[in-house]
Amino acid sequence: MLMKKLALAGAFALGASTAAMACSFQNDVEVRSLSAGFEAWKAVTDAMAECGNVQAELDQEFRTKQPAAFAANPSLYHIGGVSNGTITPLLNEGTIRPLDDLVEQYGQNLADNQLIRVNGNIMAVAMMVNTQHMMYRSDIFEDLGLEVPTTYDEVLEAAAAIQEAGVVEYPLGATMKSGWNIAQDFVNMFQGYGGTFYNADSTPGINSEAGIQALEMMQALTAYMDPEYLVSDSTYVQQQFQQGKIAMANLWASRGGAMNDEAESQVVGKVGSASAPIAVAGNAPATTLWWDGIVIAANIPDEEAEAAFRVAMEGLDEEMVTANNGDAIWLVPGYQPDEMAQGAIATATSDPAPASYPSTSQMGLMHTALGNELPAFFTGEQSAEETLAAVEEAYTAAAKEAGLLQ
């Protein structure tokens with residue numbers, strides 16, 4: 001499968017258009033959407049709801065629910081919120097439709113770098129870019145005279161100094177919840193060490209020096225974390241920051257706006273952002289680049305697909321961005337980068353830049369195998385070599401079942 005790479009070089013260019021006043025049409029067709037539950041999706045679905053007859057389900061387990069829901073006939077949802085890491089199962093099963101005709105009719109305000117093409121067809125519309133990058137308590141770093149770390153060795157040094165000072169409960173937070181999250185943290189670190197997930201013939205390649213280095217660095221970092229890090233997802237880390245419990249974390253850019261939400265944060269104006277740290281000198285930052293956006297179900301009538309797309313376009317207009325500017329690194333015209341966006345921008349424009357998350361069937365199977373097998377290393381049940389061997393065994397079995405390996 002060949003997927004168009006998002007033109008990140010232009011992702012931060014500011015567009016200009018005339019903001020709409022609420023919804024420009026009254027929607028009379030029931031439209032249901034399923035997406036992740038972070039702030040950017042809430043902003044988009046709230047804007048879609050202004051059109052009427054929109055039911056939005058925000059669920060952090062969306063990635064496990066979407067394949068079966070969209071495979072139903074008719075589909076249980078009209079709109080799906082996806083990323084370059086979650087769209088693959090829907091593409092493989094043919095449960096989302098090409099959007100070329102709808103973009104031509106209703107997508108006049110979309111920029112070219114929002115149009116995600118697969119085999120020549122527009123299959124998704126991107127609304128934002130996302131990456132995990134360094135967020136840190138700027139006040140603590142200033143008080144202790146610490147430089148913002150640019151490498152993971154420097155992260156360990158800063159964590160040790162913060163721990164010795166005793167100014168927070170835990171120097172570090174991390175999205176290392178067993179399953180998808182810990183797999184993603186490994187993906188970031190593994191790429192930072194220059195690893196290759198699988199070979200040209202789809203055989204696995206992670207039981208390597210880079211794989212061992214990635215696990216050893218992740219384990220070293222856990223010495224400065226809440227001991228319950230295997231239940232720590234993005235919301236957990238966000239709340240640790242907001243409650244003043246941690247001093248730094250490699251966290252999703254889409255969570256940055258929550259740090260300055262006076263309704264729930266105790267650290268307003270005290271959290272800064274910087275590029276994701278590098279693992280090896282000369283390599284790209286140890287992270288991956290992502291886009292998030294919308295798809296439309298295949299197994300629904302054309303008139304419902306049209307209504308769903310029109311509603312989605314209302315959710316992705318300049319008015320929504322103006323009202324929710326700090327919730328994402330938006331690709332929608334009208335976006336003005338703020339201070340919390342600087343870490344994502346620095347990460348994406350670094351030289352060399354980190355790679356986009358690989359949107360392939362092989363990577364989907366590898367990510368699942370990593371999520372299932374990695375916790376055994378962190379609980380001490382297996383060595384790094386044994387854990388990576390178990391990942392390769394699980395991946396190989398799944399790849400054979402999927403017809404990717406003989």
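Modeller: Happy to, and let me begin with the surface of the whole chain. The protein exposes about 16,300 Å², and carbon and sulfur atoms supply 46% of that area. Please keep in mind that this is a predicted model.

On overall shape, the C-alpha atoms fill a box of roughly 60 × 55 × 35 Å along the principal axes. The radius of gyration is 21 Å, which agrees with the value near 22 Å that a compact globule of 406 residues would have. The secondary structure comes to 15 helices and 10 strands. Of the contacts between residues at least 6 apart in sequence, 74% join residues at least 24 apart.

As for charge, the protein carries 15 positive and 52 negative charges, and their mean positions lie 5 Å apart.

Arginine 137 has a relative accessible area of 8%, so it counts as buried, the cut-off being under 20%. Across the protein, buried residues make up 56% of the 406.

What surrounds this side of the strand? Setting aside neighbours within four places in sequence, arginine 137 is in contact with Val168, Phe241, Gly244, Ile246 and Ala247, and also with Val267, Lys270 and Val271.

Key: Residues numbered from 1 in each chain as written. Predicted model: local features only at pLDDT ≥ 70, side-chain atom pairs only at ≥ 80, totals over all residues. Heavy atoms only, no water. Helix = DSSP H or I, 4+ residues; strand = E, 2+ residues; numbered from the N terminus. Rg over C-alpha atoms; globule rule 2.2 N^0.38 Å. Buried < 20%, exposed > 50% of the residue type's maximum accessible area, 1.4 Å probe, protein only. Contact = heavy atoms within 4.5 Å. Areas by Shrake-Rupley, 256 points an atom, 1.4 Å probe, with all protein chains shown as cover. Lys, Arg positive; Asp, Glu negative; His and termini not counted. Charge placed at Lys NZ, Arg CZ, Asp CG, Glu CD.
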